[in-house]
Amino acid sequence: MTANETYLLEAVDVSKYFPVKNFFGRTTQVVKAVDRVSFSIRRGETFGLVGESGCGKSTLGRTLIRMYEPTSGTITFDGTDISTLKGKELLKYHKRMQIIFQDPYSALDPHQNVREIMAEPISVFEKLSASQMDEKIASLLEMVGMKADDMEKYAYEFSGGQRQRIGIARALSVNPEFLLCDEPISALDVSIQAQVVNVLEDLQQEMGLTYLFVAHDLSMVRHISDRIGVMYLGKIVEIGESDEVYDNPLHPYTQALLASIPIADPRRALSLEKAGIEGDLPSPLNVPSGCRFHTRCPYATDECRAKEPEFEERIPGHFVACWKK
């Protein structure tokens, strides 16, 4: 990563730990959901974050936008350290950073119609008359392919794809610069997923948005992302340009994720045939020593079990944390 590149968001050694308490309220263990993660997201790009369920990718995203309080580390947004901001100072940055949730139904209040759902965040930052509010909401709905008449309806009256469009419109209602897309298509039918992704891509071009796109589907992430980060058990183990990571995976875990994707090319499928993952994801309460992936890695050595690998640049722009060269 060169010094002259413009980054909108930078994370340095960011951790998020959750205490596990016993019956008496005493902390007995700590879940290291995110453990000393460092990476940067360029202004205007889509950074894809992939990994198995439970690897910490959603927790990392929510920590970066300060939905969760970071345990340690530094989060810099547009040149300002927001790691410890609170109150009105933090609210200024919450306006600039929004989230699109995974489940478009539970994210919308079933007791409010679309007008009320949309007006709630807008009214925090703008004082508009009723007519101005309706005009703005109608414009936002039209931007995501909905109709102004939909303002009168409730969440249960829409399909999953329509609800997600409303969720996107709500996220855009305060004019953010950065969107955390927290598995925004995983709860949708396959036929609808591409439509929602196309909406996100069009909005990014029109509004100059920056995305952190969290998902477990590496093939979809490749389509939408400029760069990809691969996360395993609280750590990012590989980062690179989207096509580079897909065509030349360096970490055995990335290779295993790719091996799980149906591939039409027989030669490529054969080359990844032995890269599958064996065993279950270890508990974050009992993180393996050394490289966290060594308990499931076919190439693990004594060095892997004893010492955690450093994150290094093997190819220009392509970083990996692995002892295997």
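Colleague: How do α3 and α4 lie to each other?
Modeller: In this predicted model, α3 and α4 are roughly perpendicular to each other. The axes of α3, which covers residues 114-125, and α4, which covers residues 130-143, cross at roughly 105° and come within 10 Å, and an angle from 65 to 115 degrees is what counts as roughly perpendicular.

Colleague: Which residues of α3 and α4 meet?
Modeller: On the α3 side there are Val 114, Arg 115, Met 118, Ala 119, Ile 122 and Ser 123, and they meet Met 133, Asp 134, Lys 136, Ile 137, Leu 140 and Leu 141 in α4. Sorted by class, this contact has 8 nonpolar, 1 polar and 3 charged residues. As background, an α-helix has 3.6 residues a turn, so residues three or four places apart point the same way.

Colleague: And at what angle do α3 and α5 pack?
Modeller: The angle between α3 and α5 is about 30°, and their axes are 8 Å apart. That makes the two helices, α3 and α5, roughly parallel, and the crossing in which α3 passes α5 is right-handed. In this contact Val 114, Ile 117, Met 118 and Pro 121 of α3 meet Ile 166, Ala 169 and Arg 170 of α5, which by class gives 6 nonpolar, no polar and 1 charged residues.

Colleague: Staying with α5, is Gln 164 buried or exposed?
Modeller: Gln 164, which lies in helix α5 (residues 160-172), has a relative accessibility of 1% and therefore counts as buried. Leaving aside residues up to four places away in sequence, Gln 164 touches Ile 100, Phe 101, Gln 102, Pro 104, Pro 184, Leu 188 and Val 196.

Colleague: What about Ala 138, buried or exposed?
Modeller: Ala 138, found in helix α4, is buried with a relative accessible area of 12%, and the cut-off for buried is under 20%. Again not counting residues up to four places away in sequence, Ala 138 touches Ala 148 and Met 151. If you want a sense of distance, the C-alpha atoms of Ala 138 and Ile 236 are separated by 40 Å, while along the chain these residues are 98 residues apart.

Colleague: Let's switch to strands. In what order do the 4 strands of the open sheet come?
Modeller: The order in that sheet is β2-β1-β4-β5, and the pairing is antiparallel. The strands β2 and β5 stand at the edges with a single partner strand each, so one side of each has no neighbour in the sheet.

Colleague: How many bridges join β1 to β2?
Modeller: Strand β1 (residues 7-21) and strand β2 (residues 27-42) run antiparallel and are joined by 11 bridges, with Tyr 7 standing opposite Arg 42 in β2. The two strands form a hairpin with 5 residues between them, and in its turn Gly 25 has a positive phi of about 80°.

Colleague: And how many bridges join β1 to β4?
Modeller: There are 5 bridges between β1 and strand β4 (residues 72-77), which also run antiparallel, and Glu 10 stands opposite Thr 76 in β4. Thr 76 in turn stands opposite Asp 81 in β5, where β4 and β5 pair in the antiparallel sense over 2 bridges.

Colleague: What is the strand order in the open sheet of 8 strands?
Modeller: That sheet runs β6-β7-β8-β3-β9-β10-β12-β11, and its pairing is mixed. Its edge strands are β6 (97-100) and β11 (312-315), each of which pairs on one side only. Ignoring direction, neighbouring strands of this sheet are turned by 25° against each other on average. As an example of a pair, strands β10 (residues 235-241) and β12 (residues 318-320) are antiparallel with 2 bridges, and Phe 319 in β12 is the bridge partner of Ile 239.

Colleague: Which strands does α1 touch when it packs on the sheet?
Modeller: Helix α1 touches β3, β6, β7, β8, β9 and β10, and its direction makes about 155° with that of β8. Helix α6 (residues 190-207) lies across β3, β6, β7 and β8, and runs at about 160° to β8.

Colleague: How many of the residues of α1 are buried?
Modeller: In α1 (residues 57-64), 7 of the 8 residues are buried, so this helix is largely enclosed by the rest of the structure. The buried residues are Lys 57, Thr 59, Leu 60, Gly 61, Arg 62, Thr 63 and Leu 64. Just after α1, Arg 66 takes a positive phi of about 65°.

Methods. Residues numbered from 1 in each chain as written. Predicted model: local features only at pLDDT ≥ 70, side-chain atom pairs only at ≥ 80, totals over all residues. Heavy atoms only, no water. Axes fitted to C-alpha atoms, helices over the stretch in contact; angles between N-to-C directions. Parallel < 35°, antiparallel > 145°, perpendicular 65-115°, else oblique. Contact = heavy atoms within 4.5 Å. Nonpolar A, V, L, I, M, F, W, Y, C, P; charged D, E, K, R; others polar. Pairing = 2+ DSSP bridges. Buried < 20%, exposed > 50% of the residue type's maximum accessible area, 1.4 Å probe, protein only. Left-handed = near helix turned anticlockwise from the far one by under 90°.
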